[in-house]
Amino acid sequence: MNDKLDYIAIDFETANQYKNSACSIGLVRFINGKETDSCYSLIHPAKMYFIPE
(Lines give C-alpha, C1' and ligand atoms only; values in the text may rest on other atoms or scores of the structure.)
Protein backbone atom coordinates (compact mmCIF):
# COMPACT_ATOMS: atom_id res chain seq x y z
CA MET A 1 0.00 0.00 0.00
CA ASN A 2 1.26 3.46 -0.90
CA ASP A 3 1.06 5.91 2.06
CA LYS A 4 2.37 8.90 0.07
CA LEU A 5 0.05 11.85 -0.33
CA ASP A 6 1.28 13.39 -3.60
CA TYR A 7 -1.35 15.33 -5.53
CA ILE A 8 -2.23 18.65 -7.16
CA ALA A 9 -5.36 20.54 -6.10
CA ILE A 10 -7.06 22.83 -8.62
CA ASP A 11 -9.45 25.74 -8.11
CA PHE A 12 -11.17 26.94 -11.28
CA GLU A 13 -13.29 30.09 -11.03
CA THR A 14 -15.96 31.35 -13.42
CA ALA A 15 -17.46 34.84 -13.47
CA ASN A 16 -21.03 33.57 -13.75
CA GLN A 17 -23.02 30.44 -14.58
CA TYR A 18 -21.60 30.13 -18.12
CA LYS A 19 -18.79 27.61 -18.71
CA ASN A 20 -16.92 29.96 -21.03
CA SER A 21 -16.62 32.73 -18.40
CA ALA A 22 -13.41 31.42 -16.80
CA CYS A 23 -11.72 34.22 -14.86
CA SER A 24 -9.04 32.55 -12.69
CA ILE A 25 -7.28 29.30 -11.93
CA GLY A 26 -5.19 28.20 -8.96
CA LEU A 27 -3.02 25.11 -8.47
CA VAL A 28 -1.33 23.79 -5.31
CA ARG A 29 1.11 20.87 -5.33
CA PHE A 30 1.40 18.59 -2.32
CA ILE A 31 4.19 16.07 -1.75
CA ASN A 32 3.87 13.71 1.20
CA GLY A 33 0.83 15.73 2.27
CA LYS A 34 2.76 19.05 2.52
CA GLU A 35 2.32 22.06 0.24
CA THR A 36 5.42 22.44 -1.91
CA ASP A 37 4.39 24.79 -4.72
CA SER A 38 1.48 26.91 -5.88
CA CYS A 39 0.44 29.08 -8.79
CA TYR A 40 -2.45 31.45 -9.49
CA SER A 41 -3.43 33.20 -12.70
CA LEU A 42 -6.23 35.44 -13.90
CA ILE A 43 -7.89 34.45 -17.17
CA HIS A 44 -9.47 36.82 -19.67
CA PRO A 45 -12.83 35.25 -20.59
CA ALA A 46 -13.90 35.02 -24.23
CA LYS A 47 -16.90 37.26 -23.55
CA MET A 48 -16.97 39.99 -20.92
CA TYR A 49 -20.27 39.32 -19.17
CA PHE A 50 -19.69 39.38 -15.47
CA ILE A 51 -22.47 39.41 -12.91
CA PRO A 52 -22.96 43.03 -11.75
CA GLU A 53 -22.36 43.75 -8.07
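This report walks through the fold, the strand pairings and the side-chain contacts of one predicted model.

## Ground rules

The model is predicted, with local features needing pLDDT of at least 70 and side-chain atom pairs counting only at pLDDT 80 or more, while totals for chains, interfaces and linings use all residues. Residues are numbered from 1 along each chain as its sequence is written, and side-chain values use heavy atoms, leaving out hydrogens and water.

## Overall fold

The protein chain has 0 helices and 3 strands, and along the sequence that reads β-β-β. Both kinds of element are DSSP runs numbered from the N terminus: helices are H or I with at least four residues, and strands are E with at least two.

How much of the chain is buried? Of its 53 residues, 17% count as buried. Here buried means under 20% relative accessible area, exposed means over 50%, and partly exposed is what lies in between (1.4 Å probe, protein chains only).

## The sheet

The 3 strands make an open sheet in the order S1-S2-S3, with antiparallel pairing. S1 and S3 (34–42) are the edge strands, each pairing on one side only. From one strand to the next, the twist averages 15°; for such angles, axes are lines fitted to C-alpha atoms (for helices over the stretch in contact), and values run from 0 to 180 degrees between N-to-C directions.

Two strands count as paired if DSSP finds at least two bridges between them. S1 and S2 pair in the antiparallel sense over 8 bridges, and Ile8 has Arg29 in S2 as its bridge partner. S2 and S3 also pair in the antiparallel sense over 8 bridges; there, Ile25 has Ser41 in S3 as its bridge partner. As background for reading those strands, side chains in a regular strand alternate between the two faces of the sheet.

## The S2–S3 turn

S2 and S3 form a hairpin with 2 residues between them. What is the phi of Asn32 near? It is near 55°, a positive value in a residue other than glycine. For context, most residues other than glycine have a negative phi. Asn32 sits in the loop between S2 and S3 and is partly exposed at 49% relative accessibility.

Ile31 belongs to strand S2 and is partly exposed too, at 30% relative accessibility. Ile31 and Lys4 are 27 residues apart in sequence, yet their C-alpha atoms are 7.6 Å apart in space.

## The aromatic pair

There is 1 aromatic pair in the structure. The ring centres of Tyr7 and Phe30 are 4.7 Å apart and the planes are at 15°, so the pair is stacked. The cut-offs: rings of Phe, Tyr and Trp (its six-membered ring) pair if their centres lie within 6.5 Å, with planes under 30 degrees apart counted as stacked, over 60 as edge-to-face and the rest as tilted.

Which parts does the pair tie together? Tyr7 lies in strand S1 (residues 7–14) and Phe30 in strand S2 (residues 22–31), so the pair links parts that are 23 residues apart in sequence. As for accessibility, Tyr7 is partly exposed at 41%, whereas Phe30 is buried at 18%.

## Charged and polar contacts

The structure holds 1 salt bridge, meaning a side-chain nitrogen of Lys or Arg within 4 Å of a carboxyl oxygen of Asp or Glu. The side chains involved are those of Asp6 and Lys4, with an N to O distance of 3.4 Å. Asp6 is partly exposed, with a relative accessible area of 40%, and Lys4 is partly exposed at 49%.

Over in the loop between S1 and S2 you'll find Asn16, which is buried at 10% relative accessibility. The side chain of Asn16 makes a polar contact with the side chain of Ser21 at 2.9 Å. A polar contact is a pair of N or O atoms within 3.5 Å; within protein, one must be able to donate a hydrogen and the other to accept it, and residues adjacent in sequence count only if both atoms are side-chain atoms.

## Cysteines

How many disulfides does the structure hold? The count is 0, taking a disulfide as a pair of cysteine sulfur atoms within 2.5 Å. Among the cysteines, Cys23 is buried, with a relative accessible area of 18%, while Cys39 is partly exposed at 43%.
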